[in-house]
Amino acid sequence: MNIGEIIRQSIDSLLRNRLRSGLTMLGIVWGLVTVVLLLSYGRSLGQEVMNGFLGLGDNVIMVWGGQTSMQAGGERAGQKVKFRDGDTEAVRDTVPFLRAVSSETDDAFSFKYGAKVVNIQSKAIEYPYGGMRRLKVEEGRYFEPADFSDHRQVVIFGAHAAQKLFNGFPPVGESVNIEGHVFQVIGVLQNKIQDSSNNGPDNENAFIPFGMMRLLRNQRDPDSIVFQPVSGDMHLKAIQAVRAVLAQRHHFDPKDDKAIGDWDTVADSAEIMQFSTALELLLGIIGAMTLGVGGVGVMNIMLVSVTERTREIGLLKALGARRRDILSQFLLESLTLTFIAGAAGMMIAVAVAYMIPAMPLYSDIYKTANHEGDIILRASPEVMLISFGILAVVGIVSGLLPAIRAAHMDPVVALRHE
C-alpha cells in the first residue's frame, strides 16, 4: 500500500468519525496556536530589547582612564590614568583592525536661544563617531570632515534636546549661544530608542566637533576613547591591543584591569542574545507541553482505531504484511491527522497574531510612531518552521505507541477478535 493510499484511508477514517476526529484535531489546533503565539512573543520581545540596547551602537567599545593597581614602568600603584591629547591618534595609527576610532568628552553646557537658556548634556566627538553610535540625522546633515579641519562652530541636537530648546521651532540653520560662543545648528537626530547610554541617551544630548572643547573649556584631552573593531568576534583582541598602546603611553601594566575602564558592548550584546534565546526556549517548551496535550488525544484516537481494526490487521498479516508495513501505515495515519489539524492551526495562528494589537514596550517611553519598539506578534517563517518541527515530534510520538501495538499483534489472535 503506497503513501497516497494510506493518506486517503486516514482521511476516510476521520470522516467516518467526524465528532471524535474534530475534538481530537481541536486539541492540536489549540496547542499549535499556543506554540506560534508564544514563540512570536518571545522572538519579538527579544528583538526589541536587543534593538533598544543596540541604540548605543554596533560593536562599540569605550575606554576611559582609571587608577593603576599594579606597579609598572617605575611607577607605584595607585596612580591615576588620564588620557592625553594624541592618545586617540596613537590608537588609530597603531591598531590595524579597528574600523573606527573617536575621542569623546562629555560635559553640560549652557545653551541660549533668544531669551531661553537651557543646560544640555553635550558630547564633543570626532567624525567617525556617528557611524559607530548610529547617529542618524532626520533634519539637516551630519558633520563633514571640513567641520573638523576648519574648526567650524557647528552643533547637532538630539530630538528631545532640540525640543527642549526650540519648543518645536525648526532648529536647522538657527544660531545658538553656547557658553558665550555662537554655534550654527546643522542637524537634528532622529528620535532613537536607546535603553543603554553613557551620560544620557542621544535624544537628550547635543553634539559638537571635538576641537571645540578647546574653545568652550580650554580642553584638549579626551575623557574617553570610543572604537569599533572590524568584526564583533575581534572585540577582545581589540581591547587588548588598545590597552597595550595606552599602557605604553601612560606607563602602566597592560594586564592591569583597573588602570583603564572599558565598556564592551559586544559582550553585553551576547548576554542579551543568550537571554533572548533562553526566553524563546522556555516559551517554546511551554507551548510544546500544551501541544503535547493535543498529542495525547491523537494517541487515544489511534489506540481506539487499532482496537477497531484488529481483524483488519490480522488479515493484512495473514496476507504477508510485515511488521514495518503495519507500523508505517498507522504512523502515517497519525501524522496525517496531526498535520491536517496543524495546517488549520497554522492558519488560525497567523490570523490571531494579526488580530492581536501591538503590546507597548518602548513607544510610550520614546514617543515613537507606528508602534516602533513595541511587541508585535507576527508568525515569521522561522517561528512557523520551529512550530512545524514541534508538531512533527508530537505527531510521531503520539502515533508511535499505537503503531507499535498494531505491528506486534499476533495474526491468529487478531483474526479471532470479535
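Contact is taken here to mean heavy atoms within 4.5 Å, and helices (H or I, at least four residues) and strands (E, at least two) are DSSP runs numbered from the N terminus. The structure is a predicted model, in which local features need pLDDT of at least 70 and side-chain atom pairs count only at pLDDT 80 or more, while totals for chains, interfaces and linings use all residues. Residues are numbered from 1 along each chain as its sequence is written, and side-chain values use heavy atoms, with hydrogens and water left out.

Helix α6 spans residues 159–166, and its buried residues (buried meaning under 20% relative accessible area, with a 1.4 Å probe and protein chains only) are A159, A161, A162, L165 and F166. Seen down the axis of α6, these residues fall within an arc of 165°, so they line one face of the helix; the arc is that of the directions from the helix axis to the C-beta atoms. The buried residues of α6 pack against the strands β2 (98–113), β3 (116–125), β5 (154–157), β6 (175–178) and β7 (181–189). The helix is followed by N167, whose phi is positive, near 55°.

Q228 counts as buried at 8% relative accessibility, and, leaving aside its neighbours within four places in sequence, Q228 is in contact with D58, N59, L98, R99, A100 and M132.

Two helix pairs involve α11. Axes are lines fitted to C-alpha atoms, for helices over the stretch in contact, and angles run from 0 to 180 degrees between N-to-C directions. Helix α11 (residues 323–355) packs with helix α13 (residues 381–407) at an angle of about 150°, their axes being 8 Å apart, which makes α11 roughly antiparallel to α13 (over 145 degrees). The crossing of these two helices is right-handed, a term applied if the near helix is turned clockwise from the far one by less than a right angle. The residues of this contact divide into 18 nonpolar, 7 polar and 1 charged, where Ala, Val, Leu, Ile, Met, Phe, Trp, Tyr, Cys and Pro count as nonpolar, Asp, Glu, Lys and Arg as charged, and the others, Gly among them, as polar.

The crossing of α2 and α11 is right-handed. Residues making the contact include I28, L32 and V36 of α2 and I340, A344 and I348 of α11; by class, the contact has 16 nonpolar, 4 polar and no charged residues.

Definitions and conventions:
Angles under 35 degrees count as roughly parallel, over 145 as roughly antiparallel, 65 to 115 as roughly perpendicular and the rest as oblique. Buried means under 20% relative accessible area, exposed over 50%, partly exposed in between (1.4 Å probe, protein chains only).
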